[in-house]
Amino acid sequence: MKNLLFFVLFLFFFPASFTTQKHNAQDTVLLELKKIRESNNLLRIKDSIRSALLQEELGSMHNPKSAELKKYRSELQHIRTEDSLRIAEQKKNIDALRKKVQPYPVQLFHKTLFTIYSGLGPFSAQQRAGNAQEQIKKLYNDKLFFPDSLKIQPKYEYINLTYNGRVVMSVSEEDALWANVSQDSLAAQYSKIISTNIQESRKSHEFENTLQRWLLAFGIVIGFLLVTFLMRKIISMFTRKIIKINENDIRSMHIRQYKLISPRQIRVFLIRTLKWIHIALYLFCLYISLSLIFSIFPATEHWAYRLLHWIWIPVKDMAISLYHYFPNLLKMMVILILGRYVDKLLRFLSVEIEKGNLRIRNFYKEWAQPTYHIVRICLIAFVIIMIFPYLPGSDTSAFRGISVFFGVLLSLGSSTAIANTIAGFIITYMRPFKEGDWIKISDVTGEVIEKSALVTRLRTINNEDITVPNSMILTNKTINYSSSTPEKGLIIPINIHVKFDVPFQKVNDLLIKAALMTEGILETPAPYVLKNAILETNVFYQLNAFTYQPQRMYYITSDLNQNILKVFSEAGIDLVTPQYFSVPDQN
């Protein structure tokens, strides 16, 4: 109930307050206009008195000297200059007030004759404009109209325009101030405008002219029908020709090996394009025909202007905007072209470094592409910053608001992606592994099959493709089984337990024999055995064998375990709680 009461009170008081504000604004304008008029009158009277006194003094002098004449002429010229400055200042003040006041047009058949800015006596400007428009329409509707009967009659502070004793409208000093002319000149202008437009309108509505206009309108309709008929025939002819074209005669559009558009799609596109061209031309002809027909008749002439205004003004504004925007467009094109060629140069250098044709000290080949992408991102950001001030509407608050919105959205929604991207670049420059290496990340072991800015993909021995985020790689330890293999080889460790009563030299020989029997184990460097621990009932031995095939380490480990079991079984030695590791451990 409280909200409803508040809403009702708001609806009751808001119009009253709005009307009060409107009247206050009008009163303020009238007060300022009155001050301008009073100041203008005082200065005009003052200058008139000064000028009259100077003329009288000049006339009373007998045989004036040249110096005296020059003095009086200089003073008269000074008065004229002050008068010109006063008029200019008055015009400036009136132009400032003109922005605060809504003028009301006086029209005849929707054609504006003149506008009224101020009221007169108890009548507002709107009432004066409506009354003057009604009186002018009555003059037009009279059986006879004599322009000489439209008289100018001064009365007190006003000048009335009368026709056969009937007041058509009054011209006040405020009207003259708004028009920046004298009151007499403004009355004469109004009289001439009213007389001329009434005569032209009466002439345009004569029977002969009306008949000619209807015949011309009929001709425009016939012309429109003929043009649309010919247009439809031409479009149909081109459509039939396109349909008859063999698909083998149309070349499809390709981007490298990819077929972008097939011949059938090109044919459909051409037919639909012709259809839309036909619709656009039909609407254009209809628009032109309606504009011409409306412009023929005085009663509908304003509709023609309105139709032209709907189309011509936006087109003109667009053309003017494009004309003024053209220098900025050229600047943007130059910046984009320079950025494009700098990007091509950077790409060429990265490819040459990657191929090994260009070498930079302490710069590895695998750094070429990531470095290129980083520099390219910086280049794109720099180009965007350079062209941003030249974008249309870049200085508007709406454009800035959208930019801030997308920036916040990107920063909030892509924090994980940004973290992975940064980790990906750090990993690239750390060089812990490369594609094709066998690595272990946390508890995942596999071959690196792909490295990207966001993730690294591994393929396990079971052909499982595992995707690991780069941020996880950066925060966990990574074991690379392939990085040192080409030079030093990968060591495969095998741990076994043997009882105290078995001589350690015999265990050592048997383990080395089993290693040399295994395919993929190197003779040089030779396998070796470590005694890692002496336990309560047995000794803990570790066999270390070298291989250059890290991708086969699982199979080599399996074969090596098999051979150890074989040689120990043939030697009659039992293994105590053997421990076999399917995955080599470098810890």
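K531 counts as partly exposed because its relative accessibility is 42% (buried means under 20% relative accessible area, exposed over 50%, partly exposed in between, with a 1.4 Å probe and protein chains only). The model is predicted, so local features need pLDDT of at least 70 and side-chain atom pairs count only at pLDDT 80 or more, while totals for chains, interfaces and linings use all residues. Residues are numbered from 1 along each chain as its sequence is written, and side-chain values use heavy atoms, with hydrogens and water left out.

K531 lies in strand β14 (residues 528–534). Helices (H or I, at least four residues) and strands (E, at least two) are DSSP runs, numbered from the N terminus. Leaving aside neighbours within four places in sequence, K531 is in contact with F504, N508, F540 and Y541, where contact means heavy atoms within 4.5 Å. The C-alpha atoms of K531 and F504 are 8.8 Å apart in space, and the two residues are 27 apart in sequence.

The protein has 15 helices and 15 strands. Of its 587 residues, 30% count as buried. Among contacts with a separation of 6 or more, 61% join residues 24 or more positions apart.

Two helix pairs are set out below. Axes are lines fitted to C-alpha atoms, for helices over the stretch in contact, and angles run from 0 to 180 degrees between N-to-C directions.

| Helix pair | Angle | Axis distance |
|---|---|---|
| α9 (residues 368–387) and α11 (residues 415–430) | about 140° | 10 Å apart |
| α14 (residues 504–517) and α15 (residues 553–570) | roughly 135° | within 8 Å |

The angle makes α14 oblique to α15; angles under 35 degrees count as roughly parallel, over 145 as roughly antiparallel, 65 to 115 as roughly perpendicular and the rest as oblique. Their crossing is right-handed. A crossing is left-handed if the near helix is turned anticlockwise from the far one by less than a right angle, and right-handed if clockwise. The contact involves V507, L510, L511, K513, A514, A515 and M517 of α14, together with L560, N563, I564, K566, V567 and F568 of α15. By class, these are ten nonpolar, one polar and two charged residues.

Helices α9 and α11 are likewise oblique to each other, and α9 passes α11 in a left-handed crossing. P370, T371 and I374 of α9 meet F425, T428 and Y429 of α11. This contact has four nonpolar, two polar and no charged residues (Ala, Val, Leu, Ile, Met, Phe, Trp, Tyr, Cys and Pro count as nonpolar, Asp, Glu, Lys and Arg as charged, and the others, Gly among them, as polar).
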